[in-house]
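Student: I would like to go through this structure with you. Could we start with the overall picture and then turn to individual residues?

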Amino acid sequence: MDMEKIVCNCVGVTCGRIKEAVDSGAGTLEEVQEATGAGTVCGACLEEVKALIAHFKAERDTP
């Protein structure tokens, strides 16, 4: 996965920034939005942001 890929064009949030937020304890869309601003302007990226949160949470929680 390209961590430099911009997921939220409105605010310029990358996959890596979403991963950092999840790794720091954000576990919900709202928490990631608060930490990164992703999905708070037009909302076009919300489905991708949700998918990334689920992916990074699963990665984080797998021993």
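Tutor: We shall take the fold, then the charges, then some individual residues.

Student: What kind of model is this, and how are residues numbered?

Tutor: This is a predicted model, in which local features need pLDDT of at least 70, side-chain atom pairs count only at pLDDT 80 or more, and totals for chains, interfaces and linings use all residues. Residues are numbered from 1 along each chain as its sequence is written, and side-chain values use heavy atoms, with hydrogens and water left out.

Student: How many helices and strands are in the chain?

Tutor: The chain contains three helices and two strands. Both kinds of element are DSSP runs numbered from the N terminus: helices are H or I with at least four residues, strands are E with at least two.

Student: In what order do the elements run from the N terminus?

Tutor: The order is β-β-α-α-α. The chain has a radius of gyration of 10 Å, close to the 11 Å that the globule rule gives for 63 residues, so it is as compact as a globular protein of that length. That radius is taken over C-alpha atoms, and the rule is 2.2 Å times the number of residues to the power 0.38.

Student: What box do the C-alpha atoms fill?

Tutor: Along the principal axes, the box is roughly 35 × 25 × 15 Å.

Student: What percentage of the residues count as buried?

Tutor: Of the 63 residues, 37% count as buried. Buried means under 20% relative accessible area, exposed means over 50%, and partly exposed lies in between (1.4 Å probe, protein chains only).

Student: Turning to charge, how many side chains are positive and how many negative?

Tutor: There are 6 positive and 11 negative side chains, and the centres of the two sets lie 2 Å apart. Lys and Arg count as positive and Asp and Glu as negative, while His and the chain ends are not counted. Each charge is placed at NZ of Lys, CZ of Arg, CG of Asp or CD of Glu.

Student: How many salt bridges does the structure hold?

Tutor: It holds six salt bridges, each defined as a side-chain nitrogen of Lys or Arg within 4 Å of a carboxyl oxygen of Asp or Glu.

Student: Which residues are linked in a network of salt bridges?

Tutor: Lys19, Asp23 and Glu59 are linked in such a network. Between Lys19 and Asp23, the closest N and O atoms are 2.8 Å apart. Both of these residues lie in helix H1 (residues 15-23), four residues apart, about one turn of the helix.

Student: Why would residues four places apart point the same way?

Tutor: An α-helix has 3.6 residues a turn, so residues three or four places apart point the same way.

Student: What about the salt bridge between Glu59 and Lys19?

Tutor: Their side chains meet at 3.8 Å, N to O. This pair links distant parts of the chain, with Glu59 in helix H3 (residues 46-61) and Lys19 in helix H1, 40 residues apart.

Student: How accessible is Lys19?

Tutor: Lys19 is partly exposed, with a relative accessible area of 24%. Asp23 is also partly exposed, at 42%, and Glu59 is partly exposed at 42%.

Student: Which residues in H1 are buried?

Tutor: The buried residues of H1 are Cys15, Gly16, Ile18, Ala21 and Val22. They pack against strand E1 (6-8), strand E2 (13-14), helix H2 (29-36) and H3. Contact here means heavy atoms within 4.5 Å.

Student: Where is Cys10, and what does it contact?

Tutor: Cys10 sits in the loop between E1 and E2. Leaving aside neighbours within four places in sequence, Cys10 is in contact with Val41 and Cys42. Its relative accessibility is 42%, which counts as partly exposed.

Student: One more: is Gln33 buried or exposed?

Tutor: Gln33, in helix H2, is buried, with a relative accessible area of 18%. Apart from neighbours within four places in sequence, Gln33 is in contact with Ala38, Gly39, Thr40 and Leu46.
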